[in-house]
Amino acid sequence: MLSKVRKATIPQAAWGPLLMHAAGGGGDLNSNAELSTILAQAKKAGLPKDIIERSIAKGKGVSVGGLPLETVTLEAMLPPSISAIIECQTDNKNRTLGNLRHLVKNAGGTVTPTSHLFEKRGRIMFDAQGESEVDEEQVMETVLEAGGLDMDVEEEQRSLTVYTEPSQTASIAQDLADLLGLKLRSYEIVWVARPESRVEMDNLSDENYSRLDGIIEEDSSVQAVYHNAV
């Protein structure tokens with residue numbers, strides 16, 4: 001059973017999003033106490049310098065080289081009949097969108113609006129390794145009390161995923177890390193397919209889509225590919 005009060009240890013995988021969020025309040029360590037504190041903790045945890053620099057730069061909206069970064073999305077239908085939203089961060093919008101349109105077209109897909117089939121949610125991921133069991137009813141009660149909307153428990157991977165309103169993601173992540181005593185893996189804002197828009201795929205379709213998804217994500221500007229396949 002999950003303990004109700006225990007200080008959580010934050011793994012390296014979670015430091016990047018934490019730094020990005022804190023850097024959004026400004027890159028001056030003298031005036032941004034949150035960034036200064038998280039930076040010191042990340043360094044103590046052994047986070048590599050290049051990840052620290054890249055995360056802070058992204059949080060400030062620039063590349064490591066100082067060029068402004070812009071978040072762009074491409075909505076598309078991918079074969080066989082999968083609705084997708086491709087989210088990127090780039091310092092060259094036209095180049096990135098051109099590359100992605102070319103990839104989608106070559107794969108037999110179509111660039112077309114799909115965002116009406118999704119909704120934005122905060123997604124928080126916790127590591128439940130080492131817990132003998134997860135009392136889902138108790139955890140759900142804690143999640144709802146903290147302001148969460150829903151959760152998923154992956155028994156095989158020993159992980160817990162919590163969904164929230166986007167504006168509350170960071171605060172709920174920290175609250176639940178302490179309340180549940182779990183290691184915080186990461187938190188981010190994501191697109192989640194609406195229940196009525198989700199489609200099931202057979203093994204062959206799933207294999208073909210996974211191959212295409214891998215090709216798209218080879219583009220260094222791609223941050224995530226969201227889809228409605230289950």
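A residue counts as buried when its relative accessible area is under 20%. The views below come from a predicted model.

**View 1. Strand 6 is mostly covered.** Of the six residues in strand 6, six are buried. The side chains of S159, T161 and Y163 point one way from the strand, while L160, V162 and T164 point the other way. Both sets are buried.

View 2. Strand 6 (residues 159-164) is joined to strand 5 by five bridges, in the antiparallel sense. Here L160 of strand 6 is the bridge partner of V153, and V162 of strand 6 stands opposite M151. The pairing of strand 4 with strand 6 is also antiparallel and runs over six bridges. Y163 in strand 6 is the bridge partner of R123.

View 3. Which residues of helix 5 are buried? They are V139, T142 and V143. These residues cover an arc of only 100 degrees around the axis, which means that they lie on the same side of helix 5. E137 and E145 are exposed, on the face of helix 5 turned away from its buried side. The buried residues pack against strand 5, strand 6 and helix 6. Just after helix 5 comes G147, which has a positive phi of about 105 degrees.

**View 4. Helix 5 meets helix 6.** Two packed helices are described by the angle between their axes and the distance between the axes. For helix 5 and helix 6, the angle is about 145 degrees and the axes are 10 Å apart. The crossing of helix 5 with helix 6 is right-handed. On the helix 5 side of the contact are V139, T142 and V143, and on the helix 6 side are L176, L179 and L180. Sorted by class, this contact has five nonpolar residues, one polar residue and no charged residues.

**View 5. D127 is a buried residue in strand 4.** D127 is found in strand 4. Is D127 buried or exposed? Its relative accessibility is 18%, and the limit for buried is under 20%, so D127 counts as buried. Apart from neighbours within four places in sequence, D127 is in contact with R158, L182, K183 and R185.

**View 6. D213 is a buried residue in helix 7.** D213 lies in helix 7 (residues 203-217). With a relative accessible area of 17%, D213 is buried. How many residues apart in sequence are D213 and H227? They are 14 residues apart in sequence, and in space they are 9.8 Å apart, C-alpha to C-alpha.

Note on methods:
Residues are numbered from 1 along each chain as its sequence is written. This is a predicted model: local features need pLDDT of at least 70, side-chain atom pairs count only at pLDDT 80 or more; totals for chains, interfaces and linings use all residues. Side-chain values use heavy atoms; hydrogens and water are left out. Two strands pair if DSSP finds at least two bridges between them. Helices (H or I, at least four residues) and strands (E, at least two) are DSSP runs, numbered from the N terminus. Buried means under 20% relative accessible area, exposed over 50%, partly exposed in between (1.4 Å probe, protein chains only). Contact means heavy atoms within 4.5 Å. The arc is that of the directions from the helix axis to the C-beta atoms. Axes are lines fitted to C-alpha atoms, for helices over the stretch in contact, and angles run from 0 to 180 degrees between N-to-C directions. A crossing is left-handed if the near helix is turned anticlockwise from the far one by less than a right angle, and right-handed if clockwise. Ala, Val, Leu, Ile, Met, Phe, Trp, Tyr, Cys and Pro count as nonpolar, Asp, Glu, Lys and Arg as charged, and the others, Gly among them, as polar.
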